[in-house]
Amino acid sequence: MNVAVNLGGIAIALAILWLNFRKWWKGKRAPKDLIPYAAGSALGSLSTICIGGALGWGASGIAGLLSGLGDKGVSTVTGTSGASAMPTGRMGVLSPEGAVITCLILVGVIVLHRASGKLDQRRIIGGFITFAVLGFLPGVAALLQWWPESINWAGAEVRDVLTRGGDAL
């Protein structure tokens, strides 16, 4: 997948991350308040490894869009371009079982989004956008390499239970 990520796009993603974390930090710091942003972040990061699928296409498009907007913003504010291209990487690959779990996560995030108020809906979308950009960065991908491995493992375990029944437990 050919993904264009630049410093301007990363700046927007980091601003969204900071704004969400700041509100939580200055609030009651209740872990449950992080659920909407975390749900969007989980799906956004997985989207970066969904090569050839709609989620991957969406993540790539968001990364390109934010990079263009970020470059324009940095250039307008500072007079210096923010279009310095960044290298991209991947957290890993999804197994067929991991792909099914990713689809189930998508369904869960959609249900959460529809059941949430406007503010939490924005947080879900913000989390998705943030990690649809940051998930392409090699350093972030290296930090999150456990994530697709965990999704693949969960999918394999579900398949094992479905095929072997109680013997799998």
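## Helix packing and aromatic contacts in a predicted model

Gly73 is found in helix H3, which spans residues 54-78. Helices here are DSSP runs of H or I with at least four residues, and they are numbered from the N terminus. This is a predicted model, in which local features need pLDDT of at least 70, side-chain atom pairs count only at pLDDT 80 or more, and totals for chains, interfaces and linings use all residues. Residues are numbered from 1 along each chain as its sequence is written, and side-chain values use heavy atoms, with hydrogens and water left out.

**Helix H3**

Gly73 counts as partly exposed because its relative accessibility is 31%; buried means under 20% relative accessible area, exposed means over 50%, and partly exposed lies in between (1.4 Å probe, protein chains only). From C-alpha to C-alpha, Gly73 and Leu94 are 35 Å apart in space and 21 residues apart in sequence.

Ala63 also has its place in helix H3. Ala63 has a relative accessibility of 0%, so it counts as buried. Leaving aside residues up to four places away in sequence, Ala63 touches Val3, Ala4, Val5, Ala132, Val133 and Phe136. Contact means heavy atoms within 4.5 Å. Ala63 and Ala4 are 59 residues apart in sequence, and their C-alpha atoms are 6.7 Å apart in space.

**Helix packing**

Two packed helices are described by the angle between their axes and the distance between the axes. Axes are lines fitted to C-alpha atoms, for helices over the stretch in contact, and the angles run from 0 to 180 degrees between N-to-C directions.

The axes of H3 and H5 cross at roughly 85° and come within 8 Å. H3 is therefore roughly perpendicular to H5. Angles under 35 degrees count as roughly parallel, over 145 as roughly antiparallel, 65 to 115 as roughly perpendicular, and the rest as oblique. On the H3 side, Ala59, Ile62, Ala63 and Leu66 meet Phe128, Ile129, Ala132 and Val133 of H5. This contact of H3 with H5 has eight nonpolar, no polar and no charged residues. In these classes, Ala, Val, Leu, Ile, Met, Phe, Trp, Tyr, Cys and Pro are nonpolar, Asp, Glu, Lys and Arg are charged, and the others, Gly among them, are polar.

Helix H4 (residues 96-115) packs against helix H5 (residues 118-134) at an angle of about 150°, with the axes 8 Å apart. H4 and H5 are therefore roughly antiparallel to each other. Val109, Leu112, His113 and Arg114 of H4 make the contact with Gln121, Ile124 and Ile125 of H5. Four residues of the contact of H4 with H5 are nonpolar, two are polar and one is charged.

The structure has four aromatic pairs. One of them joins Phe21 and Trp24, with 5.5 Å between the centres and 40° between the planes, and the pair is tilted. Rings of Phe, Tyr and Trp (its six-membered ring) pair if their centres lie within 6.5 Å; planes under 30 degrees apart count as stacked, over 60 as edge-to-face and the rest as tilted. Both Phe21 and Trp24 lie in helix H1 (residues 7-26), three residues apart, or about one turn of the helix. Phe21, Trp24 and Trp25 form one aromatic cluster.

Arg29 lies over the face of Trp25, 3.5 Å from the ring centre. For a charge to sit over a ring, NZ of Lys or CZ of Arg must be within 6 Å of the ring centre and within 35 degrees of the ring normal. Arg29 is in the loop between H1 and helix H2 (35-47). Arg29 has a positive phi of about 60°, although it is not a glycine.

| Residue | Relative accessibility | Class |
|---|---|---|
| Phe21 | 42% | partly exposed |
| Trp24 | 15% | buried |
| Arg29 | 39% | partly exposed |

Conventions:
Helix = DSSP H or I, 4+ residues; strand = E, 2+ residues; numbered from the N terminus.
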